[in-house]
Every structure is written in C-alpha cells, then in structure tokens.
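Dear colleague,

Please find the structure below, followed by some notes on what was found in it.

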Amino acid sequence: MHNAEIDRKLELCIESFKSVLYEKDETFLENMAKTNIDQGNLARYMLWEWTQGVGLYGLWKLFEKRHDERCLQVLTEYYDARIAEGLPGKNVNTMAPILALSYLYEYTRNETYGKICLEWAEWAMHEMPRAGEGGMQHVTSDRANPGELWDDTLFMTVLPLANVGRIFNRQDYIDEAVYQFLVHIKYLADKKTGLWYHGFCFDGCHNFAEAFWGRGNSWATIAIPTLFEIVDIPEQDRRFIANAFVRQVESVARYQDEGGMWHTLIDDPTSYLEASATAGFGCGILKGIKAGLLDESYRAVADRALAPLLDCIDDKGVVQQVSYGTPMGRESKDFYKQIPLHPMPYGQAMAILFLLEEADA
C-alpha cells in the first residue's frame, strides 16, 4: 500500500490523540470507586494509567521518527500537568507512563523527569511485590493479585525499568528486566503452541482460563524486539528469549484471519476481530524482522494486517474495534468475548506503532 495513505491515517491519529487521551472513562472511575483508594485521587489514576502510558509511548515514537513538534508538545503538556497535580500510587499499570517519560527525559534533560523515572524504577526493583520465583506480581490500581504473573507486565513495567537502566547506566535494572522476561516466558508461553496465556498463578499453579488472549499476546510480540532495541542482552538469555518470540509468531501467523486481522481469542474464530492485537502483532513482527529475529517471509503476515487496520481508523482518526481494558479471565474464555469494544489511547498508540513500522519497511 502506498505510504501516502499510511501518512494520511497517521495524521488523523495525531489530530485525534488528545481527545482520546483525556476522555473521561466512567467505567474505570466506577470500578476504582469500589476500592479503598482515597476518592480524591481517582482523577490522578484515571489520567495516569497503562491506557495513557501506552498511548504516550506511541506518541513518543512518532516524534522520534517524524520529529513532529505537535507530539512533543502533547507529551510535555501532559507530563507537566500530571506532575503538578501529583502522581498516583505505584503499581504495574501506573508504571506504564514512565516509558515515554524516560525517553522524554533523555531528550530534554529535564531533571524533574529524571528524578521521577529513578524513583519509580527503584520502586519496581526493591518495593514492588513479587510472585513466585521473583516474578513481578501484577499489582494493579484496584487489585493486588497475589502470586500472579500477567503478560501485560512486560510492556507496562519491565520495558520502563530496562529503559531507565539504559539511560542511567544501571546494570542492576537491566539485569532484572531480562530476568523478568525469562520468568514470564517460563510460565506464560504454552509449550504446545508457543502462544502465551494471559496469566499464571503460583497458588494452585494454573493459567486461569487458559486463554490465548489477543492483545495480551501482542504485548509480548512488541515487547521482546523492543527489549532487544533498548539493551544488550547476554547471548544465552538472548537466544532463549528470541526462540520464544519466534515460536509465538509462528503460531500467531497460523491463526491470522483470512481478512488479515486477529480474533480477541487467537484460536477462537467465533470471538470478535480486534484492532489493538492486530496492530500489535503487525508492529512486533516488523520489529522482529528488523532485529534479525524473524525471516523476511513474515513481512507478508504483517502486510496482510495493514488494510483492515487502516479501515478501523475512522474519518476523525479514532481507532475503532478496540477491546476495552481486560482483567484476567479467571474461569471462562467466554469472559474475553464479552469485553466491549471502545476507542482507547492504547488503540491509537498500537495503530501508530504499526503504521510507523510499515512506513519505514
């Protein structure tokens, strides 16, 4: 497909980004209101969560590659406003905005940004609860999830830790990030298919509903080549992580719908087709080819996803067909099929990341 259409859709995504970033999420607020969190802090959590964090990273990568000053303005305005009002408590999901902030610090050398990045990285290293074998417990804003590993954690918390380690020359942060990838692969990657389960619980040693959730898998597909971009990894660990990535992508490719997208349950064609997972797989596959992890033949898999993903971006630049934030399906795979579709900042970001990779391919 000609780059002109990709550029047109990217332009629409930029124009719509702020409206999606700051949209009031009533469902999130209702869920948070049921917790023990101080009600005065609800707005802080609503505007500093994984949904915004992924979106901001996508905007940073757009600035990094296209040097569009609008992106830099949105980023600095967002972070300055959130810092001024005070940040929420630390958990896996509220760590996500640190990834883009760490890059922004590296670019601007704003010491306030740098101090926050180090503070949150220290929390992840030394105070964040651990599940079995030292794996990061998937603590969220509304649940402690004791003993649980989730695939989301790698993108939301481990990549920020790795990047702060690179920027500040903290090998201990880098080593911990690599270990987290290893332990998550051990317990989440299915030995038969190579696909990833959404989570694992050490209390009972099970993978919950044993769902191969689309967006959860795509977090791993993006995160592994991104980790390789960020830090140098010891050869033996690199081989282990790379092999897990290749096995996953081999299986992901087999389950691609004939129209080019993927289903929210990868292996269940009765579940709906989902845009964020589709963009995530497309982006991760192209990154994997660029990193030398995948054979060039996989480019066709990513390219097949481009046209339907572009169709999901409406004339206002909002990415449709995105599944809402998805907690763990603990007992039934049908749980994932009932998650509603709703435009979200991470949908915008994952589309941007995929389109950037396609434009540069």
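**Packing of two helices**

α10 passes α11 in a left-handed crossing, a term used where the near helix is turned anticlockwise from the far one by less than a right angle. Helix α10 covers residues 214–230, and its angle with α11 is about 145°, with the axes 10 Å apart; axes are lines fitted to C-alpha atoms over the stretch in contact, and angles run from 0 to 180 degrees between N-to-C directions. Helices here are DSSP runs (H or I, at least four residues) and strands likewise (E, at least two), numbered from the N terminus. In the contact (heavy atoms within 4.5 Å), α10 contributes N217, A220, T221, I224, P225, L227 and F228, which meet R238, I241, A242, F245, Q248 and V249 in α11.

This is a predicted model, in which local features need pLDDT of at least 70 and side-chain atom pairs count only at pLDDT 80 or more, while totals for chains, interfaces and linings use all residues. Residues are numbered from 1 along each chain as its sequence is written, and side-chain values use heavy atoms, with hydrogens and water left out.

N145 lies in the loop between α7 (111–126) and β1 (148–150), whereas F208 is placed in the loop between β2 (199–201) and α10. N145 is buried (under 20% relative accessible area, with a 1.4 Å probe and protein chains only), at a relative accessible area of 3%, and F208 is buried too, at 13%.

Best regards

Key. Buried < 20%, exposed > 50% of the residue type's maximum accessible area, 1.4 Å probe, protein only.
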